[in-house]
Amino acid sequence: MEVVRTNDSSEIDFRKKFELEGKVIIITGGSGLIGKAFAEAVCQYGGSVVIADIPKAEPRDFAEQLENKYGRKMVGFELDVAIREDVMKLRDDVVKAFGRIDGLINSHQNKTARFFANFEEYTDEDWDAVIETNLKGTFLTCQVIGGWMANNSGGSIINIPSTYSVVAPNQNLYTGTNLGCPAAYSASKGGVMALSQYLATYWSTRNVRVNQITPHGVWNNHQERFEQNFSGLSPLGRMSYSHEVAGAALFLLSDASSYVTGHNLIVDGGWTTW
Ligand SMILES: NC(=O)c1ccc[n+]([C@@H]2O[C@H](COP(=O)([O-])OP(=O)(O)OC[C@H]3O[C@@H](n4cnc5c(N)ncnc54)[C@H](O)[C@@H]3O)[C@@H](O)[C@H]2O)c1
């Protein structure tokens, strides 16, 4: 992007700064709860999205719906983010389809069947599966797709850590529910944070900005008791909705955030403030 060298704000079209017209944004986990909100937001601001997800999540169907709704080319791509060949094919197919990549949002996560098992009972297999998808998957997409952007005209990467890589879980949240926050999840997301900060300076002179969004408590038909517990502990007194996370992505993907890199934009209703 061209930086306008002026302090005369009257020369600036601030609405235009948020536009994503003509931009191509890859969203891993794009068929997920928040991934779908990211996709809608990008499309409404004029961009084209690549919905990259596992076959079970039917990324092609969602991309087709968006293509029909917005009348622009969108792509659905089936992959496992932890497999290098899949990620390389994703990059090659997107470059072939659009000739460019402007942004990457890493919105995938792995929840195994025994995801909520107690720490003492966590198996090697479950630990590895969570780290493999959440951390290695983010490493691979950043390396392969971010590397392409660094070698071409730059771009914006958004990685998604978690409240529980920023602070420890308040275990009272889970009282009376069968939910919890596994250490494997926190550890994988801590790795995502460190990797993101590393890449922010590593690619700072190559026109690739690397930022993070930390969502928190996005409502998804949770048990009533969980929602009550959550509301009692939250400064804003409620859970959030996926569209409330997506606005942060519009800022970080667009020229509105041209001087922002290495940042973690926390969308947590104040949870980590007190
Ligand atoms: N929902 C929340 O409250 C919350 C809070 C903090 C952080 N997050 C993070 O935000 C991101 C999005 O969360 P969400 O609620 O939309 O999750 P979600 O479970 O609804 O979506 C995750 C998506 O990742 C996909 N996926 C799983 N394994 C994959 C793989 N190997 N390769 C490619 N895709 C794969 C799934 O199919 C799914 O569509 C996740 O990284 C999550 O950890 C969510």
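A: With the largest nonpolar core, which has 30 residues. F38, V49, L66, I105, I158 and I213 touch the most other members. A nonpolar core is a set of buried Ala, Val, Leu, Ile, Met, Phe, Trp, Tyr and Cys residues joined through side-chain atoms within 4.5 Å. Buried means under 20% relative accessible area, exposed over 50%, and partly exposed in between, with a 1.4 Å probe and protein chains only.

Q: Which elements each supply at least two residues of this core?

A: β1 (24–28), α2 (33–44), β2, α3 and α9 (242–253) do. Helices (H or I, at least four residues) and strands (E, at least two) are DSSP runs, numbered from the N terminus. A separate core of 28 residues includes V24, C142, I145 and V210.

Q: What kind of model is this, and what are the ground rules?

A: The model is predicted: local features need pLDDT of at least 70, side-chain atom pairs count only at pLDDT 80 or more, and totals for chains, interfaces and linings use all residues. Residues are numbered from 1 along each chain as its sequence is written, and side-chain values use heavy atoms, leaving out hydrogens and water.

Q: What is V49 in contact with, leaving aside neighbours within four places in sequence?

A: Contact means heavy atoms within 4.5 Å. On that test V49 meets I25, I27, A39, V42, C43, L66, M74 and V75.

Q: How should I read the sheet?

A: Start with pairing: two strands pair if DSSP finds at least two bridges between them. Here seven strands form an open sheet in the order β3-β2-β1-β4-β5-β6-β7, with parallel pairing. β3 (75–78) and β7 (264–267) are the edge strands, each pairing on one side only. The twist averages 15° from one strand to the next. Axes are lines fitted to C-alpha atoms, for helices over the stretch in contact, and angles run from 0 to 180 degrees between N-to-C directions.

Q: Which helices pack on the sheet?

A: Helix α5 (residues 124–151) touches β1, β4 (103–106), β5 and β6, and its direction makes about 175° with that of β4. Helix α7 (residues 183–202) touches β5, β6 and β7, at about 155° to the direction of β6.

Q: Is β6 enclosed or open?

A: Eight of the eight residues of β6 are buried, so it is largely enclosed by the rest of the structure.

Q: Which way do its side chains point?

A: In a regular strand the side chains alternate between the two faces of the sheet. From β6, V208, V210, Q212 and T214 point one way, while R209, N211, I213 and P215 point the other way.

Q: How many bridges join β6 to β5 and to β7?

A: Five bridges join β5 (residues 155–159) to β6, and four bridges pair β6 with β7. I157 stands opposite V210, N159 has Q212 as its bridge partner, and I213 has L265 in β7.

Q: Where do positive phi values occur in residues other than glycine?

A: E58 has phi near 50°. E58 lies in the loop between β2 (48–53) and α3 (59–70), and is partly exposed at 46% relative accessible area. N221 has phi near 55°. N221 sits in the loop between β6 (208–215) and α8 (224–233), and is exposed at 61%.
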